Amino acid sequence: MLGTLQPPRTLSRFPLYLTSRPVTLCTLTAQSPPSTSPAHSQILSIRHSLLTRQVTAAQLAESYLSRLRLTEPHLKSFLHVSDSDAVLRQAALLDQRIAGGEDVGPLAGVVVGVKDNICTADMPSTGGSRVLEGYRPAYDATAVRKIKELGGIVVGKTNLDEFGMGSTTEASAFQVTANPWDVSRVPGGSSGGSAAAVSARQCVVSLGSDTGGSVRQPASFCGVVGLKPTYGRVSRYGLMAYASSLDVIGCFGSSVADTGILLHAISGHDRLDATSSKREVPDFASQFASINLLESKPLKGLRVGVIRETLDEGVDAGVISAIRGAASHLEELGCSVTEISLPSFSLGLPAYYILASSESSSNLSRYDGVRYGNQAVADELNSLYGDSRAKGFGPEVKMRILMGTYGLSAGYYDAYYKRAQQVRTIIRKSFKTALDENDILISPAAPSAAYKIGEKIDDPLAMYAGDIMTVNVNLAGLPALVLPCGFVEGGKVGLPVGLQMIGAAFDEEKLLKVGHIFEQTLQNCRFVPPLIEDDTAW
C-alpha cells in the first residue's frame with residue numbers, strides 16, 4: 001500500500017494559474033525522501049476519504065465538474081460532458097450506499113474520462129468523426145461496464161484524432177485539444193483529450209486506446225502516466241476498430257498507482273472478445289510499496305536495457321539528457337543498466353504504417369451509410385456509399401484508407417503487406433531476445449517534447465516519424481509504461497519528458513513496481529501544469 005493516505009482538500013474554487021516561473025530541474029535520489037510530495041494514489045485517497053466520511057461522493061463530483069467547467073474552454077479535452085445532474089445523482093447513490101454500510105467498489109467516487117472511440121451506453125460515441133456524429137451506442141464497452149460496476153463515474157467522452165489516426169489530436173473532426181502545459185502546443189495523440197484531461201485534473205483517471213503509441217506519446221507530452229497493456233490483457237469489445245491486431249485499451253493517471261488500479265479494474269477475459277487472454281490478472285496494487293519502506297537499493301539485481309537506437313540522431317538533446325539521467329537514477333536504485341542494440345528497431349515505423357493502414361481500410365469499410373454511419377442523400381447506391389464516406393471521413397482517414405487499400409491490392413500485396421508481416425516477426429523475435437537478457441527495456445516515449453499546434457499538420461511524414469519510439473511495442477504485442485522523468489525548455493515553465501519502460505508479455509506487474517519506485521524517488525519535480533492552481537494538492 002502507499003504510505004499515509006491523505007484526504008483531498010476542498011476543491012470548491014479553481015482560479016487558473018497562468019503566471020510564469022523558471023524551468024524546474026528534477027533531482028533523483030535513491031537514499032532520501034523527496035523534498036516535495038511524491039505522486040500518490042488519488043483513487044486510494046478518495047476511497048479513504050469517502051469511507052471515513054471526510055468528504056462525500058457528491059462533493060467530490062461537484063469539485064471535478066467545477067474544475068472541468070473552468071478549464072475546458074482553454075483545453076477542449078472533451079467532446080461530450082455528462083449532464084451534471086446525472087453525475088451528481090450517481091454520486092448521491094454512492095453516498096447512500098456508504099451511509100447504509102454497503103460495500104462499494106474500489107473505484108467508488110472516482111471520476112473517469114473515456115476516449116470517444118470507446119462505446120458508452122446512452123452517451124455519444126463518435127470516434128472523433130463526422131460519419132458517426134450523433135451516434136449513441138445501446139451498450140457499454142466491457143472496460144466501461146467494469147468501471148461502472150466498481151463505482152466509477154464517467155464524466156464525459158474525450159477528444160481524439162479521428163478513429164485514432166493521428167499523433168496530435170488535430171485530426172479530430174470537431175475541435176483541437178490544447179496541452180495544459182502550454183495551450184499553444186499539442187497534447188499528443190490520438191488519445192490527446194484523455195491525457196490532457198488527467199493532466200489538468202478534469203478527471204481522476206481516463207481510458208485511451210493505443211494502436212501505435214496513442215496512450216504513451218500523449219502521456220509524455222502532458223506529463224502524466226500512461227500504460228499500454230499487453231495485447232489481450234483488456235477486452236477490446238466496444239472499442240471502435242482501427243487496426244485489430246494492434247489496438248488495445250490503455251490507462252492514464254496522475255500516478256503509477258492510479259494507472260495500475262485502473263488497469264486491474266478493466267483487465268480479464270471477456271467471452272465477447274475472442275482475442276482477450278484467459279490469464280489470471282495479478283493484484284497490481286501489491287507492487288505499490290510506501291517510500292518509507294524502501295531499502296537503499298530497492299531495485300537491486302534488476303537488469304535494464306537502454307535501447308541505443310532510441311537515443312540517436314533525430315532525438316532532441318534535452319530528451320536524450322532526461323532519459324540518460326533516468327537511466328543513471330535506475331542504477332542508483334540498484335539496477336544493472338546496459339546499452340543494447342535492436343537493429344530491427346528502425347524497420348518498425350514503415351511496417352507499422354503498412355499494417356495499420358491495411359487493417360484500417362478493411363475495418364472502416366463498414367461505415368458506408370447503410371450498415372454504419374450517417375447517410376448522404378443520393379439517387380443510387382454507389383453514390384450513396386461514395387457521398388456518405390466522402391462527407392463523413394476527414395483527410396487523414398481517407399489517406400490511410402487509400403494507403404491500406406493500395407498495400408492490399410493484388411499487384412502489391414507481396415511487396416508491402418506480406419513483407420511488413422515478415423518484419424513484424426523479426427521485431428517480435430528481437431524484443432524477445434532482448435527481454436530474455438533484461439528485465440525491462442527503456443527509451444524515450446517520443447523524440448521531442450510537445451510541439452506547437454499546426455507545426456507538423458502539413459508534413460505528415462514528420463508527424464509519422466514521431467511514433468518511432470512506440471510502434472514497435474504494438475507490433476510485438478508487449479506492455480509499456482510511460483511516466484514523466486523530467487523537463488526540457490519550452491512554454492512558460494518547461495515541458496515534461498516521458499520515460500518509456502517496456503516489459504515482457506503480461507509482465508505489467510514488474511513495470512508498475514519499477515515505475516512506482518522511480519516515481520516515489522523523484523525529487524523537486526511536481527508535474528502539475530500551469531493551467532491549474534499552483535498550490536492545489538490532488
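**Second largest pocket**

I sorted the lining of the second largest pocket by residue type and got nine nonpolar, six polar and seven charged. The model is predicted, and I read it as such. I then looked up the size of this pocket, which is about 320 Å³. Its lining has 22 residues. Nearest the pocket centre are Glu-170, Ala-171, Pro-395, Glu-396 and Ile-457. I checked which elements give two or more residues to this lining: α10 (381-392), α11 (395-408) and α13 (460-465). The most comes from α11, with three residues.

**Cavities**

Next I searched the whole structure for cavities of 30 Å³ or more and found two. The largest cavity holds about 80 Å³ of space. I listed its lining, which has 14 residues. Closest to the centre of the cavity are Gly-166, Ser-167, Ser-214, Tyr-352 and Asp-467. By type, the lining of the largest cavity has three nonpolar, nine polar and two charged residues.

**Nonpolar cores**

I turned to the cores. In soluble globular proteins, nonpolar side chains tend to be buried together. Here the largest nonpolar core has 101 residues. Which of its members touch the most other members? I noted Leu-207, Ile-266, Leu-330, Ile-442 and Met-501. Apart from this core lies another, of 39 residues, including Ile-340, Leu-342, Leu-349 and Phe-431.

I followed up Ile-442, leaving out residues up to four places away in sequence.

**Helix α15**

I took α15 next, residues 508-520. This helix has 13 residues and reaches 18 Å from its first C-alpha to its last, close to the 18 Å expected. Is α15 largely enclosed or largely open? I found 10 of its 13 residues buried, so α15 is largely enclosed by the rest of the structure. Among the buried ones are Leu-511, Leu-512, Val-514, Ile-517 and Phe-518.

**Lys-76**

Last, I looked up Lys-76. Lys-76 sits in the loop between α2 (57-75) and β2 (78-81). Its relative accessible area is 40%, so I logged Lys-76 as partly exposed. Beyond its neighbours within four places in sequence, Lys-76 is in contact with Asn-159, Gln-175, Val-176 and Thr-177. I checked one of these pairs. Lys-76 and Gln-175 are 99 residues apart in sequence, yet 7.2 Å apart in space, C-alpha to C-alpha.

Notes
Residues are numbered from 1 along each chain as its sequence is written. This is a predicted model: local features need pLDDT of at least 70, side-chain atom pairs count only at pLDDT 80 or more; totals for chains, interfaces and linings use all residues. Side-chain values use heavy atoms; hydrogens and water are left out. A nonpolar core is a set of buried Ala, Val, Leu, Ile, Met, Phe, Trp, Tyr and Cys residues joined through side-chain atoms within 4.5 Å. Buried means under 20% relative accessible area, exposed over 50%, partly exposed in between (1.4 Å probe, protein chains only). Contact means heavy atoms within 4.5 Å. Helices (H or I, at least four residues) and strands (E, at least two) are DSSP runs, numbered from the N terminus. The expected span of a helix is 1.5 Å times one less than its number of residues. On a 1 Å grid over the protein atoms alone, a cavity is a set of points where a 1.4 Å probe fits but cannot get out, and a pocket is an open set with protein on both sides within 12 Å along at least five of seven lines; lining residues have an atom within 4 Å of a point. Grid points are joined across faces, edges and corners, and a volume is the space filled by probe spheres set on the points. Ala, Val, Leu, Ile, Met, Phe, Trp, Tyr, Cys and Pro count as nonpolar, Asp, Glu, Lys and Arg as charged, and the others, Gly among them, as polar.
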